[in-house]
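Keep the model open in your viewer as you read.

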Amino acid sequence: MPVNDNRTYRISAVWAYRSQVSGVDRYFHGNASPKREVKVGDRTPPTFTGSNPADNATGIPPNAPITINWSDADIEQKGVSWNNSTVRVNGTPLGIPGSQTSDFPGAGINGSGSGTFSTAALNLHFNQIVNVSVQLFDDEGNSMPSAQTFTYRTAMAAPDQPTARWDNTSALNTGTHSGNLNPSNGQQTIIVAPAAAAGKTIENIVGYAVQWRVLGAPDWNLSESFGQPGAEAKVFGIPDNSTIEVRVHFVDSEYASLLSANPDDIFDNEVLFALFLKLADDLSSPSAAWSTAAHVKTGDRTAPWVYRYEFGDVAVTTPSEIWSGTIQNVMPNTALTIFAADVDIDGLGVKWSETKVNINLEGGTSVEAALIPETISPPVFDPATNTVTSQASFRPNIPQDYATTYRVQITRLEDHEGNWVQ
Ligand SMILES: [Ca+2]
Ligand SMILES: [Ca+2]
Ligand SMILES: [Ca+2]
Ligand SMILES: [Ca+2]
């Protein structure tokens with residue numbers, strides 16, 4: 001009969017004998033002795049049943065405790081002996097757990113429990129791979145056949161708040177145009193200062209990613225730029241005349257394979273797409289902690305435009321007519337009022353003193369002359385759209401005849417930054 005460990009057996013003895021009855025062997029036994037109990041000892045090693053953090057977990061705070069779970073069969077209901085067991089973190093033994101649990105339900109032989117270790121003394125870094133090995137013994141000295149290991153990764157710390165500034169090197173919006181004027185050139189650049197994480201050690205940092213949005217917008221835009229460690233990043237395609245929010249998060253060496261040997265490859269479409277996927281993935285990952293957002297104002301690169309003019313009591317508001325319309329039966333020397341709008345974060349709008357107008361006999365030589373307004377209205381600023389409107393009236397000071405066609409051309413309508421279109 002096989003005997004299992006961790007069991008109690010009751011044993012009693014009895015005499016047996018053989019006797020012939022009518023020439024045939026017969027077997028008989030006497031009364032049984034009193035029973036004895038025998039406990040068969042523990043030869044079952046404990047089992048490592050899991051951990052917290054779990055294997056392959058990410059985003060774990062560096063100072064998070066480590067809990068090791070076990071099960072064991074043990075007739076004495078003691079289970080794992082932490083004095084004999086060894087838990088190592090990146091090779092360093094952790095000693096005795098700060099807290100323990102042990103449970104053998106219903107006074108049975110099969111129990112489970114845990115030991116929880118502080119990691120404070122290890123000073124683990126952010127974004128560090130943590131390898132844990134577990135070798136458990138019970139108090140009879142039965143050990144796991146071999147150590148088991150699991151791995152987790154600590155969280156990526158948030159960078160400090162970056163700083164950002166408007167790159168004012170892009171060209172003013174100047175020159176000729178026909179038809180409707182787009183009020184915004186929409187292509188500005190800001191420069192984001194390198195991100196740091198004061199007082200924190202972070203492993204495997206290869207740079208930082210940038211997101212931006214117009215202040216108050218619901219969604220963030222992924223920037224095409226990827227900041228190298230310690231270097232500034234440029235963020236393109238930002239609207240002018242806006243307050244922009246910028247935030248950054250660190251990225252690790254998983255990006256390095258995307259970037260290959262040449263950082264300029266970031267502008268390769270396939271690399272960019274892969275990086276975008278990674279960035280998007282990071283948005284849902286606790287390992288990608290974003291910094292506090294910085295604010296920066298982009299400057300004015302939008303030229304003003306005419307949206308209405310009036311000759312006496314005749315008003316023109318249709319854009320195509322404003323740029324090439326014809327008005328009949330205007331009295332000579334009638335006052336002209338120009339209504340102009342500008343997208344302009346500083347609220348100044350059109351600089352009327354720089355506005356120039358030609359009035360000539362149609363077909364005659366065009367002569368540009370400064371407009372000398374009789375009246376200028378104060379600019380009205382709409383902060384919701386950063387749009388400034390103002391108007392100026394002037395009286396053409398060339399001799400005009402009846403029944404004669406004159407060509408009126410606003411050759412320069414300039415804002416205070418020098419943006420203008422003709
Ligand atoms: Ca055992
Ligand atoms: Ca035991
Ligand atoms: Ca402007
Ligand atoms: Ca301006």
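Which residues does Val 246 touch, not counting residues up to four places away in sequence? Val 246 touches Pro 162, Ala 164, Ile 190, Val 192, Val 210, Trp 212, Ala 293, Ala 294 and Val 296; two residues are in contact if their C-beta atoms, placed from the backbone, lie within 7 Å.

A word on the model: it is predicted, local features need pLDDT of at least 70, side-chain atom pairs count only at pLDDT 80 or more, and totals for chains, interfaces and linings use all residues. Residues are numbered from 1 along each chain as its sequence is written, while chains are lettered from A and ligands numbered from 1 in the order in which they are written.

**The chain as a whole**

The protein chain has 3 helices and 30 strands (DSSP runs numbered from the N terminus: H or I of at least four residues for helices, E of at least two for strands). Of its 422 residues, 27% are buried, meaning that 20 or more other C-beta atoms lie within 10 Å of a residue's own, with C-beta atoms placed from the backbone.

**The cores**

Val 246 belongs to the largest nonpolar core, which has 40 residues. Such a core is a set of buried Ala, Val, Leu, Ile, Met, Phe, Trp, Tyr and Cys residues joined through C-beta atoms within 7 Å.

The core lies between domain 2 (47-154) and domain 3 (164-297), because both give residues to it; the domain bounds come from an automatic or database domain assignment. Apart from this core lies another, of 16 residues, among them Tyr 309 and Trp 420.

**An open sheet**

Strands β5, β7, β11 and β10 form an open sheet in that order, with antiparallel pairing (two strands pair if DSSP finds at least two bridges between them). At its edges are β5 (47-52) and β10 (99-103), each pairing on one side only. Between β10 and β11 (residues 110-117) there are 5 bridges, and Thr 101 has Ser 114 in β11 as its bridge partner.

**A buried aspartate**

Asp 342 sits in strand β23 (residues 336-343). Asp 342 counts as buried because 29 other C-beta atoms lie within 10 Å. Leaving aside neighbours within four places in sequence, the contacts of Asp 342 include Thr 302, Val 350 and Asp 415. Ala 303 is 39 residues from Asp 342 in sequence, yet their C-alpha atoms are 6.5 Å apart.

Terms used
Buried ≥ 20, exposed ≤ 12 C-beta atoms within 10 Å, placed from the backbone.
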